[in-house]
Every structure is written in structure tokens, then in C-alpha cells.
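Dear colleague,

Here is the structure I promised to pass on. My notes follow below it.

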Amino acid sequence: MLTQIRFVNYRCLQDVTLLLEPLTVLVGPNASGKTSIIDALIGDPPVNERDITNHDRSLPVQIGKFDDRGRRRIRKCPPGGIVDSEGDLKYSPQLLHLDITRLRQSNQVKEELRLAPDGGNLTNVFASLPRSTQMGVAASLRGLVGILNDVYAKPLSDGYHRLVFQDRWKESIWYEPPEVSDGTMLMMAFLVLQHQKPAVDLLAIEEPERSLHPYLIEQLVGMLRKMSCGQLGGRPVQVVLSTHSAELLEFARPEEVRFLSRRPDDGAVVVEQAPTESPGWEEAFAEYRESLGNAWLSGSLGGVP
Amino acid sequence: MRVVVYAEGGGEVSGHTILPTRPGDPLTEDELGPAHHLVRRCMEASVGPTDGIEFEAPLRFRGRLPKGSDLLEKTRLRQLLTWPLASRRPDLAVVLVDSDGDHQRRGVISAHVEGLFVNKVVGVAHQAFEAWLVADHATVGLVLWRAVDAPSAVETIPAGEVKKLLRAWIHETAVEMDEKTARVEIACRCDLSVLSSRCHSFELFCKELSRTLQ
């Protein structure tokens with residue numbers, strides 16, 4: 001598991017150390033560095049002249065990642081120089097920024113074991129699961145979206161197939177993707193994640209709460225937390241979420257959340273955490289009725305525009 | 001000294017195309033309202049002239065700027081005065097509310113904020129904050145370039161009436177001046193001793209502020 005990622009002089013991340021949990025939630029306004037962090041977690045983002053912060057152009061850009069086994073991977077780029085990497089840290093990451101339209105599309109039939117970043121191959125990934133797993137996914141979907149009974153990949157005449165969803169009360173009615181809610185399509189994608197083969201080591205999801213009812217958000221965060229500790233999917237998958245949602249924060253634990261802000265004087269990103277170890281935290285949190293969403297929206301923890 | 005002021009009317013900014021300053025960031029002089037200026041002058045009267053007073057934007061309630069009613073409700077007020085991160089906690093928080101004729105309000109609000117970590121002062125204007133602004137008639141007349149005629153016992157004027165009175169004076173002024181500018185100007189120029197003599201609630205507030213700053 002990655003324990004921290006450190007940035008020096010990279011874009012708006014002038015001097016940032018981000019501590020990571022099994023499930024980490026990044027919260028902050030637009031352009032507060034969330035996407036830059038996720039880009040770096042997902043791969044080795046290119047470093048060029050524009051990525052060097054303006055604060056001190058004589059310093060190298062540095063992005064360092066560290067895990068709980070003492071491994072690391074550090075990328076450095078001196079001014080005007082070429083990128084140099086060192087360290088032995090390797091892991092398999094996956095980024096999801098699901099696109100509702102793409103989730104609904106038909107797929108040309110082929111075996112696919114991992115969801116594409118936009119979810120455009122959802123039908124193929126579902127159809128590639130063993131039948132028993134498909135039935136498990138359908139049962140989970142039935143438990144979360146009460147109006148549905150079953151789901152399957154319906155073959156089309158041209159070598160394509162697409163997901164169809166059975167009505168709970170009238171078994172003869174099968175809904176096409178445009179006829180089910182955005183939230184249903186998103187939950188369908190989230191439900192197949194734990195069955196991907198081979199499993200990834202790190203999963204980053206941008207704005208997972210879009211179009212989801214707050215009840216589903218709770219189930220989603222709980223499911224991702226179980227994945228992060230290996231209770232779902234066989235082995236732990238570290239999860240990083242980025243969000244603007246106070247509702248999602250209601251289901252996150254204070255120690256899992258990182259609040260990102262830009263400093264008003266120079267625009268550098270500042271990362272703050274709820275002071276869960278400090279003696280006054282419990283009392284302060286109690287004043288907010290233990291609502292992390294409200295505490296965040298108050299502006300008292302940072303991460304607001 | 002970092003100071004946060006909560007006063008009625010502070011939340012009436014929605015619809016602007018510029019985001020209000022985020023909680024904890026310093027307010028510019030343009031963003032200060034009459035309550036800030038009165039607080040600053042009272043602090044200076046208590047501890048001597050200082051340029052070290054910096055007003056910060058207040059916390060919000062569920063994302064919005066707090067309204068007057070938020071300051072009267074215990075849970076909301078306590079949230080507005082709770083900074084879990086010590087580094088973000090101001091040195092002083094000032095809460096100014098209107099009594100609206102409720103004689104128990106001072107005691108109730110003071111009880112609401114008991115036990116909080118932040119150093120705080122509660123001011124409860126008898127009837128309405130505007131009574132403090134109209135109390136020094138002479139200064140109001142100078143600011144608005146017009147004769148004003150109000151009873152010296154301004155705290156006996158019902159809350160709604162005193163707000164209307166001040167608004168009417170500003171609208172009928174001989175010089176072009178928007179309401180906020182006029183109110184700020186009055187707060188900056190009024191004679192604090194006159195306010196204290198005519199508004200017992202202001203006198204109490206100044207004493208409590210002074211006690212807190214000692």
C-alpha cells in the first residue's frame with residue numbers, strides 16, 4: 001500500500017506531502033490539485049517546462065511515492081534537464097472517471113477483464129465474468145436498486161451486445177440502458193470492480209458520487225472501504241477518491257479525508273487533515289454533530305474555494 | 001490579532017458574481033461592515049491604538065454565510081464558533097445580535113456559547129444594532145449632510161422602527177451615498193462615549209470586550 005506521495009515544485013504542488021490511507025478522500029475546490037495528485041498516483045505524468053511552479057525555477061521537480069514495505073519511486077527533473085527515475089516501487093493502478101453515456105453504450109463482443117477509465121466497456125467486462133459472479137452482481141444490484149430484478153448482456157445482431165435490466169415486478173419487461181437511471185449504470189460499474197482480474201493495487205475514482213442517491217453513496221463508500229481492506233475482492237485494493245460532495249463526506253471517516261486548498265498569497269496547494277489525534281477533536285466534531293460534511297462546509301477544515 | 005465578527009445581515013450577499021472571501025482568509029477594508037468598524041474602535045479604545053487587528057471571514061453554516069437566525073440557534077452558533085484546527089482558530093470571535101425586545105436574549109446566547117475553545121464576546125443590541133448607529137445623532141447628521149431628529153432614548157424604539165428610521169435618513173440624504181457606505185461611515189465616526197451613554201447594551205458590550213482583552 002502506498003503510504004505517501006510527495007511533490008516538490010510540480011504544478012501547483014509546490015511542497016506537498018500527502019499521507020495515504022487504505023481509503024483516502026481528496027476534497028477541495030476546482031483547481032486545488034486533486035487531479036494532479038491522481039495523475040501522479042495513476043502513473044508517471046510527463047514533466048515539462050509548464051509543470052514547474054513559478055516559485056523557484058532553479059529547483060528540480062520531484063515526485064516521490066513511498067509504500068509500507070519501504071519501497072519508493074522518485075522522479076526528478078532538474079531545470080532544463082531530463083526526467084530521471086529511481087526506486088523499486090511498482091504497483092498496478094486504475095483510474096475511473098465514469099462517463100454515463102459511455103457506460104450505456106453497446107460493446108463489440110470481446111473478453112475484457114478490466115473497466116476502462118470512462119466505463120465504456122462495462123458490458124464486455126460484465127459479460128466476461130463467470131456466470132455465478134454475474135448472478136452475484138445482479139443480486140447486489142437488486143439489493144441496491146429495488147426496482148430491478150436481474151441484468152444480463154443481451155446479444156445484438158451485429159456482433160455487439162449491451163446490458164439490459166429486468167423489471168422487479170414484471171419479469172417480461174427488460175429495460176434498455178437509456179431507460180434506467182444514471183445511478184443504476186454507475187452502481188453497475190462499481191459492482192464489477194471487485195471482480196476484475198487481475199485485481200489492481202490502487203483504484204482512483206473521480207467524483208464517484210455523481211448521480212447517486214445519498215443512500216447509494218453510503219453503500220458505495222462502504223463497498224470501497226471493504227475493497228480497500230480486502231473484505232471484498234480477495235485482496236486489498238487501495239482506493240483514492242476525489243470529490244466535492246458533502247454527502248460523500250458523511251460516510252467517510254475523518255482520518256481518511258484530505259482537505260486541499262490554494263494559499264491566497266502564492267497559489268501553492270496546502271493539504272490539511274482533521275486533527276483526529278488532538279485532544280479537542282472529539283469535542284469539536286461533536287459540535288458538528290459528527291457531520292464531516294458540515295464541518296467541511298463550515299470552512300473550518302480547509303478545502304473550500 | 002485575528003478577529004472574526006458574526007453580525008446580523010452578514011449573510012445577505014448571495015447572487016454576487018464574486019465568491020465571498022473563504023472562511024479564515026483576511027477581509028479587505030472594503031469587505032468590512034459597520035459592526036467590524038465598531039468592534040475595532042471599541043478594541044482600540046480598550047487596549048490603545050493598534051494596526052494589528054485583522055478581521056477574517058467567518059465560518060459558514062452548511063456552506064452558506066450565516067444569517068441572523070443562525071446566531072440565535074444554539075447548535076448553529078456553536079458550530080460557527082468551532083474551529084477544530086487550532087491553527088485556524090481566531091484570537092477573538094465577536095457575536096453581535098439584536099434582542100428584538102427579548103430581554104432574556106443576552107443570557108440565552110451567553111449560555112449557548114459556554115465551554116467553547118475560542119475566546120469570544122457576545123454583544124446583544126437592545127432592540128436592534130441600528131440603535132447603536134443612530135444613537136449619536138450629531139455624527140449621523142454630519143455623515144448624511146442633513147438634520148436628523150430622533151429620540152435620545154434610541155433603545156426604546158422598536159427594532160423594526162429603528163431600522164426603517166436609519167434607512168429613511170440614508171435615502172433622504174443630501175449627498176449620494178449607498179446604505180452600506182453610510183452605515184460604515186457612521187460606525188467609523190460616531191462618538192463611542194455618546195453611544196455608551198445612550199445605549200446601555202453598547203456600554204455592556206464594550207465592558208465585556210475590554211474584560212476579554214485584558
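In chain A, strand 1 (residues 2-10) and strand 4 (residues 61-67) pair in the antiparallel sense over 6 bridges. At one of these positions, A:Leu2 has A:Asp67 of strand 4 as its bridge partner. Please keep in mind that this is a predicted model.

Strand 1 of chain A also runs antiparallel to strand 2 (residues 13-19), and 6 bridges join the two. Here A:Ile5 has A:Leu18 in strand 2 as its bridge partner. Strands 1 and 2 of chain A form a hairpin with 2 residues between the strands. A:Arg11 takes a positive phi near 50 degrees in that hairpin.

Now the whole chain. Chain A holds 9 helices and 15 strands. Its C-alpha atoms fill a box of roughly 65 × 50 × 35 Å along the principal axes. The radius of gyration of chain A is 21 Å; a compact globule of 305 residues would have one near 19 Å, so the two agree. Of the 305 residues in chain A, 41% count as buried. Take the contacts in chain A with a separation of 6 or more: residues 24 or more positions apart account for 60% of them.

Last, the interface. How many residues of chain A are in contact with chain B? The count is 19 residues of chain A, against 18 residues of chain B. On the chain A side, helix 8 (281-287) and helix 9 (292-298) are the elements that give two or more residues. The residues of that side divide into 12 nonpolar, 5 polar and 2 charged.

Best regards

Conventions
Residues are numbered from 1 along each chain as its sequence is written. Chains are lettered from A and ligands numbered from 1 in the order in which they are written. This is a predicted model: local features need pLDDT of at least 70, side-chain atom pairs count only at pLDDT 80 or more; totals for chains, interfaces and linings use all residues. Helices (H or I, at least four residues) and strands (E, at least two) are DSSP runs, numbered from the N terminus. The radius of gyration is taken over C-alpha atoms; the globule rule is 2.2 Å times the number of residues to the power 0.38. A residue is buried if 20 or more other C-beta atoms lie within 10 Å of its own, exposed if 12 or fewer, and partly exposed in between; C-beta atoms are placed from the backbone. Two residues are in contact if their C-beta atoms, placed from the backbone, lie within 7 Å. Ala, Val, Leu, Ile, Met, Phe, Trp, Tyr, Cys and Pro count as nonpolar, Asp, Glu, Lys and Arg as charged, and the others, Gly among them, as polar. Two strands pair if DSSP finds at least two bridges between them.
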